[in-house]
Amino acid sequence: MLMPLTEHTILTQCPLCHGQRQKLWHRKNDYDVVRCLDCGFIFTRDYPSAGFLRRYYEPWLSGKFKPAGGAGRPLKYWLFTRWIRRFYPKSAVIRTLELGCGQGDLLRTVQRDPRFEARGLDYADAPLAHARSLGLRVDKGDIQSMGLSDASFDLVVALHVLEHVHDLDATLGEIHRVLRSHGLLFAVCPCVTHIKARWAGERWKYLGPPGHLWYFSPATLSRFLEKAGFDVLRASCFYHRAHVRVLARKRPGVVGFRPLV
């Protein structure tokens with residue numbers, strides 16, 4: 001989809017530090033992706049409207065769907081549940097919300113563990129229908145539109161979601177709000193400082209505006225989360241895939257954000 005200038009805003013300030021010094025990092029799909037010279041955050045300067053993004057994603061959300069994945073995926077998510085439950089009291093039920101749950105692979109694994117109660121959100125109709133056919137609790141929408149109660153979850157999982165969201169500050173604020181005090185956020189995003197990203201340059205598979213708006217490193221993702229009221233426990237891209245993985249704990253208190261634009 002071509003970029004109509006009337007539906008885009010030029011971000012003259014960095015969304016992370018509000019600095020105004022920028023340098024072109026790469027140009028892709030007629031979009032300028034820039035690096036903030038003050039904090040190092042990399043972002044899509046040509047910021048699309050929410051309406052434009054809805055139309056951009058429509059072919060993917062309503063297109064044909066076939067369940068994907070192999071035998072390794074359930075094992076990976078089972079190992080995740082065994083790891084994450086160590087952060088909670090042994091008798092506690094871990095109320096879990098997955099953003100961008102897709103066909104429900106993680107939810108399906110979590111549901112088999114009596115320690116968890118899980119719910120998922122996504123926009124794609126066919127994957128959601130598949131997830132429901134498996135008996136999973138999923139809803140169409142995002143965390144900002146669902147009217148979720150304060151402090152209603154112990155764990156929020158966002159796997160390859162944050163790089164897509166239109167308003168990053170608002171999304172992180174909602175995650176903070178729906179988590180109970182000291183609740184956890186586990187997120188995975190593409191990592192710009194990974195060796196694979198450095199080698200690939202403009203051919204990096206995760207460089208793809210307007211689908212990917214924000215390009216994180218462990219340092220910049222940690223700063224966003226700290227600004228949003230989280231204490232970052234772990235943030236690393238020491239992984240064979242070009243991903244940054246972060247685990248953060250909600251810091252009690254009121255969260256406020258400065259506008260993105």
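Predicted model: local features only at pLDDT ≥ 70, side-chain atom pairs only at ≥ 80, totals over all residues.

User: In what order do the four strands of the open sheet stand?

Analyst: Strands (E, at least two residues) and helices (H or I, at least four) are DSSP runs, numbered from the N terminus. Two strands pair if DSSP finds at least two bridges between them. Here the pairing is antiparallel, and the order is 2-3-4-11.

User: How many bridges join strand 3 to strand 4?

Analyst: Strand 4 covers residues 42–44 and runs antiparallel to strand 3. Val33 has Thr44 as its bridge partner, and Val34 stands opposite Phe43. The number of bridges is three.

User: Which residue in the turn between strand 3 and strand 4 has a positive phi?

Analyst: These two strands form a hairpin with five residues between them. The phi in question is about 90 degrees, and the residue is Gly40.

User: Which residue takes a positive phi in the hairpin of strand 2 and strand 3?

Analyst: Strand 2 (residues 22–28) pairs with strand 3 over six bridges, in the antiparallel sense. Their hairpin has two residues between the strands. The phi is near 55 degrees, and the residue is Asn29.

User: How many residues of strand 3 are buried?

Analyst: Buried means under 20% relative accessible area, exposed over 50%, and partly exposed in between (1.4 Å probe, protein chains only). Strand 3 spans residues 31–36 and is mostly covered. Its buried residues number five of six.

User: Is Lys23 buried or exposed?

Analyst: Lys23 is found in strand 2 and stands opposite Arg35 in strand 3. Contact means heavy atoms within 4.5 Å. Not counting residues up to four places away in sequence, Lys23 touches Val34, Arg35 and Leu37. Because its relative accessibility is 54%, Lys23 counts as exposed.

User: How far apart are the C-alpha atoms of Lys23 and Cys36?

Analyst: Along the chain, Lys23 and Cys36 are 13 residues apart.

User: What relative accessible area does Trp78 have?

Analyst: Trp78 sits in helix 2 (residues 72–84). Leu75, Trp78 and Leu79 form a nonpolar patch on the surface. Trp78 counts as partly exposed, because its relative accessible area is 44%.

User: Is Pro190 buried or exposed?

Analyst: Pro190 belongs to strand 10 (residues 179–190). Leaving aside neighbours within four places in sequence, its contacts include Trp204, Tyr206 and Phe216. At 5% relative accessibility, Pro190 counts as buried.

User: Which residues is Thr171 in contact with, leaving aside neighbours within four places in sequence?

Analyst: Thr171 lies in helix 5 (residues 168–178). Thr171 is buried, because its relative accessible area is 4%. Its contacts are Ile143, Gln144, Leu162 and Val165.

Definitions and conventions:
Residues numbered from 1 in each chain as written. Heavy atoms only, no water. Patch = residues over 30% accessible without salt bridge, like charges linked within 9 Å, V, L, I, M, F, W, Y side chains within 5 Å. Areas by Shrake-Rupley, 256 points an atom, 1.4 Å probe, with all protein chains shown as cover. Salt bridge = Lys/Arg side-chain N within 4 Å of Asp/Glu carboxyl O.
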